[in-house]
Amino acid sequence: MPAGEGSRAVLWWGVASALLANVLYSTGFVLEKRALSGLPALSTRQPARLVRHLLSSPLWLGGSLALAAGFAAQLAVYRTLPIAAAQGIFVSGLVLLLLLSSVFLGERTSGRERRGILAILLALGMVVASLQGNGASTVTRTAPAGTLLAIALPSLAAGLWLYGSAERRAKRRHRQPSSGVPYGVAVGLLYGVSSLAVKGVSGLLDARDPAGTVRALFTSPYPYLLLFTGAVGLVLSQTALQRCRASLIVPVCTTVTCVFTAACGTVAFGEPLPADPLRLALRLGGTAMAVLVLLTLPRQDTDATAPGPERAPEPEPAAPTQGADP
């Protein structure tokens, strides 16, 4: 087989793996959301209780297995596709997620949210179009540890701060339920760092040298970032998914993860940006459009049927004291 045909075959395997990952991730999120609707209210302040409730649900375990299989497919994607191209395909899974959420969860999106999703898909098309031409198939394996940590640590801190800020605002009395956008952005930052770590792990895997692979992994920051983002992301994402509509929080989370991974991963792993001015404008314009959509989505959920965090009942009005004017 000529080298060019072999390279195209590898790229098609990467595309197929990315589409499979989309199906697995969408299915996993919907199963977890169905399971969470039947569980007691979860709290990030009680992580052990939260995990105990999750592990007691067979439906949630099924969803988590689907997500784990999606993670395995993602490893194959990062070995065969440039990081920016992979994110473009992952974002396209939002269409499948919205369909599954409508059919199996009965969730309805507003017109404003649907327009936002269409704008995200347009941004996806711009990013994918920027990948055509020379250098589109360039794949790097590892990132300098210093560069990776300089991106990852502030991003993790920002995600945790944003989630905590959303939690504090949600506790204010007489406040409309949150639409989930702040939660989605916060969890998306954590999963963006996780995605960079997955990319690094995929580059170190070598079936011909298992001992060398283990040694390389545990002397790199990748497995430690995966452990942290996996444990913290589990607690934060499941709490947020129980409180908010999957049809909004998951697209927001996915978009943030993909934009963060494409932008920061290109820098951390040294994959080249387009040299052609038009392709560069498409790449930067698509990224900017996706971010702008996130900033314009509603922060409160006005749909009375949408699930939200439980609220304390309003106190009964005090009875008038004797002698008081009627």
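# A tour of the cavities and helix packing

Start by selecting Val91, Leu124, Val127, Cys258 and Val259: of the 16 residues that line the largest cavity, these lie nearest its centre. A cavity here is a set of points on a 1 Å grid over the protein atoms alone where a 1.4 Å probe fits but cannot get out, and lining residues have an atom within 4 Å of a point. Rolling a probe the size of a water molecule over the atoms shows where empty space is left.

This is a predicted model, in which local features need pLDDT of at least 70 and side-chain atom pairs count only at pLDDT 80 or more, while totals for chains, interfaces and linings use all residues. Residues are numbered from 1 along each chain as its sequence is written, and side-chain values use heavy atoms, with hydrogens and water left out.

**Stop 1: the largest cavity**

Colour α4 (83-105), α5 (111-129), α10 and α11 (277-296); each supplies at least two residues of this lining. Helices are DSSP runs of H or I with at least four residues, numbered from the N terminus. The largest cavity holds about 150 Å³ of space, where a volume is the space filled by probe spheres set on the grid points, which are joined across faces, edges and corners. By class, its lining has 10 nonpolar, five polar and one charged residues. Ala, Val, Leu, Ile, Met, Phe, Trp, Tyr, Cys and Pro count as nonpolar, Asp, Glu, Lys and Arg as charged, and the others, Gly among them, as polar. In the whole structure, the search finds three cavities of 30 Å³ or more.

**Stop 2: the second largest cavity**

Next select Tyr183, Gly184, Val187 and Tyr191, which are among the residues that line the second largest cavity. Its volume is about 100 Å³. Helix α7 gives the largest share of this lining, four residues. The lining divides into eight nonpolar, three polar and one charged residues.

**Stop 3: helices around α10**

Show helix α7 (residues 181-204) with helix α10 (residues 246-269): they pack at an angle of about 40°, with their axes 7 Å apart. Axes are lines fitted to C-alpha atoms, for helices over the stretch in contact, and angles run from 0 to 180 degrees between N-to-C directions. α7 and α10 are therefore oblique to each other; angles under 35 degrees count as roughly parallel, over 145 as roughly antiparallel, 65 to 115 as roughly perpendicular and the rest as oblique. Their contact has 16 nonpolar, eight polar and one charged residues.

**Stop 4: α2 and α9**

Select helix α2 (residues 47-55) and α9, which pack at an angle of about 70° with axes 11 Å apart. α2 is thus roughly perpendicular to α9.

**Stop 5: an aromatic pair**

The search of the whole structure finds two aromatic pairs. Select tyrosine 78 and phenylalanine 90: their ring centres are 6.3 Å apart and their planes at 90°, so the pair is edge-to-face. Rings of Phe, Tyr and Trp (its six-membered ring) pair if their centres lie within 6.5 Å; planes under 30 degrees apart count as stacked, over 60 as edge-to-face and the rest as tilted. Tyrosine 78 is in helix α3 (residues 58-80) and phenylalanine 90 in helix α4, 12 residues apart.

Note on methods:
1 Å grid on protein atoms, 1.4 Å probe; cavity = no way out; pocket = protein on both sides within 12 Å on 5 of 7 lines; lining within 4 Å.
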